[in-house]
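Visitor: I would like to learn how to read the features of a structure. Please take them one at a time.

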Amino acid sequence: MNYKDLDSQMGLICDAIISINDKETCEEFLKDICTINELYSIIQRLQVALMLYKNKTYQDIAKVTHASTATISRVNRCLNYGDNGYRKVLDNLPEEIREKY
């Protein structure tokens, strides 16, 4: 598969994720489908997004997440000009999860 096919193939992973109905299965699936580094990157980007969502500074975000300024900038661009995926997910997270970061 090449990057041109990405949009047409997104349905498969979306359907797989939507079919998961509990946290344990979700964790098992993510550990099976992603490498440790991929999981780390996804988690880091979500942490960055949460902190940007709460108007934290790049410096504070880098200190807590160890993300590069390039990663923080990319997540910020997605939050402000992307497809609204981050915002929709962050808006749906329970407040107690958002408050951890």
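**Reading the features**

Guide: Start with E95, which counts as partly exposed because its relative accessibility is 42%. This is a predicted model, and the values below are computed from it.

Visitor: In which helix is E95, and how far along it is R98?

Guide: Both residues belong to helix α7 (residues 95-98), and they are 3 residues apart, so about one helical turn separates them.

Visitor: How should I read a pair of charged side chains?

Guide: Side chains of opposite charge can pair when their charged atoms come close. Here the side chains of E95 and R98 meet in a salt bridge, at 3.3 Å from N to O.

Visitor: Is R98 buried or exposed?

Guide: R98 counts as buried, because its relative accessibility is 16% and the limit for buried is under 20%.

Visitor: Which residues gather in a patch of negative charge?

Guide: On the surface, the negative patch is made of D22, E24, E27, E28 and D32. Take E27 as an example: its place is in helix α2 (residues 23-33). E27 has a relative accessible area of 40%, so it is partly exposed.

Visitor: Which residues form the nonpolar patch on the surface?

Guide: L6, M10, I13, I17, L30 and I33 form it, and together they have about 460 Å² of accessible area. Helices α1 (6-18) and α2 each supply at least two of its residues. The largest share, 4 residues, comes from α1. I13 lies in that helix, and I13 counts as partly exposed because its relative accessibility is 35%.

Visitor: What about the backbone? Which residue has a positive phi of about 65° although it is not a glycine?

Guide: That residue is H66. H66 sits in the loop between α4 (58-65) and α5 (69-81). With 63% relative accessibility, H66 counts as exposed, the limit for this class being over 50%. N84 is another non-glycine residue with a positive phi, near 75°. The loop between α5 and α6 (85-92) holds N84, which counts as partly exposed at 38% relative accessibility.

Visitor: How many helices and strands does the protein chain have?

Guide: There are 7 helices and 0 strands. Along the sequence the pattern reads α-α-α-α-α-α-α.

Visitor: What are the spans of the C-alpha trace along its principal axes?

Guide: They are about 35 × 35 × 25 Å. Of the 101 residues in the protein chain, 19% are buried. The accessible surface comes to about 7900 Å², and carbon and sulfur atoms hold 54% of that area.

Visitor: Last, what share of the contacts with a separation of 6 or more joins residues 24 or more positions apart?

Guide: The share is 43% in this protein chain.

Methods:
Residues numbered from 1 in each chain as written. Predicted model: local features only at pLDDT ≥ 70, side-chain atom pairs only at ≥ 80, totals over all residues. Heavy atoms only, no water. Patch = residues over 30% accessible without salt bridge, like charges linked within 9 Å, V, L, I, M, F, W, Y side chains within 5 Å. Areas by Shrake-Rupley, 256 points an atom, 1.4 Å probe, with all protein chains shown as cover. Salt bridge = Lys/Arg side-chain N within 4 Å of Asp/Glu carboxyl O. Lys, Arg positive; Asp, Glu negative; His and termini not counted. Charge placed at Lys NZ, Arg CZ, Asp CG, Glu CD. Buried < 20%, exposed > 50% of the residue type's maximum accessible area, 1.4 Å probe, protein only. Contact = heavy atoms within 4.5 Å.
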